[in-house]
Amino acid sequence: MGIKQVRALTTTLPSVTWIPLARAHSERADQMTAGHRARRATGEKHAIEDFLYDYYGTRPSLMRRWHPGVGTGLSAAPDGLAEHAGWKFYQSYPDGVVTLDQDAFMHARAESVRYIHGLLTATASRPVFSGCFGLHEWAMVYRDSEHRHELPLRLGQAGTDEVVEGHSIRCTHFDAFRFFTPEAVGLNRLQPTRATQVDLDQPGCLHAAMDVHKWAQKLGPAVPGALALDCFALAGEIRLLDMQASPYDLTSYGHPPVKIETAEGKAEYVARQRELARRAAGLRSRLIRVCEALLGAEAAAQNREAVAPFNQR
C-alpha cells in the first residue's frame, strides 16, 4: 500500500519466524473450516455450525490469512516482501519491512474501533449473570409452527411452550431478542434494542461471548492471527451449548441435550456457561488491547470515560 519512511513498531519478526507462523495458521484455519467447506460443495446444511458462517458472515478464505496484528512488522523473506504488502491496509518500508498501515485502517474504521472498544469495555465491567438458562432459543419458537431449523422439538410444540411459560425470560442481548416470536417478546423482562446494547450486554450471555468472533472479524488485520482463530474456536463451542440447551432434538447430529427444563440440566448449563464466559473474558480483554493500540492511549482513555456511565449496570 505504498512505501513510507518512518515507522513505530513494537516488534519486527524475521521471515524465519513469521513464515512458519503463517503456514501453521492457514493449516489450522483449513482444519477448522473443512466440514463447512465440504458441505458447501454439496449444498448440505448444518443446523449448528452454519450459524458461524451465515450469521457472522465468516469466510474461510479470509480466516486462513495470517495477520501479525497492529504494531508488528514482517521482515522481507529471501524471495521478496511479505505477501501482505499487496493486501489492503498494509504498507511497506525501504528496508523491506511490511506492517499494518494504522493510519489508513483508522481512517476507514475509526468509528467501528471506538464502538467495539466501548462495547467490550462496558461488557467486561459487569458481573457474569447465569440465570437465563438459554431460554432465548425457546422464545424463538414459542407458539410458532414455523421454525428456523428443520429439526423436531424435543418436547413438541405444546411442551416447549409450557417451558417458556414456566420460566422468567431475561434475555439481555438484542441480536438474540430480535428473533423472539411476537408472542414471546412481551414475556422478556427486558426489551433490548441496538441502541441499548452497550448498556445491556453482559459477559455471561452466550451470544455476547460468541460475538468475540464477530468483533475480531470487524477489527480484521489489526488482530493477530492466533487471537482471531481462538475467537472462532470458542464461538463454535458456545454455539454447540446454545443448541444443546435449545428445544431442538439434536439426535441426528449425535449431541445429547442439556435439559434446561430440569434442575440437573440447569446446573450443567450454568457450569458450562460460566467456563465459556471465563474463556471469552480473556479473549475480550485481548481484543480491547487491540482497540487501544489502534486508538492510542489518550483516545482510548477518552473512550473508556465515554462508556463509564454504562459500566457495572
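The sulfur of C231 lies 11 Å from the closest cysteine sulfur, that of C291, which is too far for a bond. This is a predicted model, in which local features need pLDDT of at least 70 and side-chain atom pairs count only at pLDDT 80 or more, while totals for chains, interfaces and linings use all residues. Residues are numbered from 1 along each chain as its sequence is written, and side-chain values use heavy atoms, with hydrogens and water left out.

**Cysteines**

- The structure holds 0 disulfides, a disulfide being a pair of cysteine sulfur atoms within 2.5 Å.
- C132 is likewise in no disulfide; the nearest cysteine sulfur belongs to C205, 6.6 Å away.
- C231 is buried, at 0% relative accessibility, where buried means under 20% relative accessible area, exposed over 50% and partly exposed in between (1.4 Å probe, protein chains only).
- C132 is also buried, with a relative accessible area of 14%.

**Overall fold**

- The protein chain contains 13 helices and 4 strands; these are DSSP runs numbered from the N terminus, helices being H or I of at least four residues and strands E of at least two.
- The radius of gyration of the protein chain is 22 Å, close to the 20 Å that the globule rule gives for 313 residues, so the chain is as compact as a globular protein of that length. This radius is taken over C-alpha atoms, and the rule is 2.2 Å times the number of residues to the power 0.38.
- Along the principal axes, the C-alpha atoms fill a box of roughly 70 × 50 × 30 Å.
- Of the 313 residues in the protein chain, 50% are buried.
- Among contacts (heavy atoms within 4.5 Å) with a separation of 6 or more, 72% join residues 24 or more positions apart.

**Cavities**

- The whole structure has 2 cavities of 30 Å³ or more. On a 1 Å grid over the protein atoms alone, a cavity is a set of points where a 1.4 Å probe fits but cannot get out, a pocket is an open set with protein on both sides within 12 Å along at least five of seven lines, and lining residues have an atom within 4 Å of a point.
- The largest cavity has a volume of about 120 Å³, and of its 14 lining residues C132, H136, C171, T172 and C205 are the closest to its centre.
- Helices α5 (135-139) and α10 (206-219) each supply at least two residues of the lining of the largest cavity.
- The second largest cavity has a volume of about 40 Å³ and is lined by L119, L120, T123, D201, A208, D211, W215 and R284.
- Two or more residues of the lining of the second largest cavity come from each of α4 (102-124) and α10.

- The largest pocket holds about 680 Å³ of space; 25 residues line it, with L62, A216, Q217, K218 and G220 nearest its centre.
- Elements giving two or more residues to the lining of the largest pocket are α3 (60-63), α10 and α11 (225-244), and α10 gives the most, with 5 residues.
- The second largest pocket holds about 320 Å³ of space; of its 13 lining residues, H46, A47, D50, R148 and H149 are the closest to its centre.
- Helix α2 (residues 50-54) provides the largest share of the lining of the second largest pocket, 3 residues.

Notes: Points joined across faces, edges and corners; volume = space filled by probe spheres on them.
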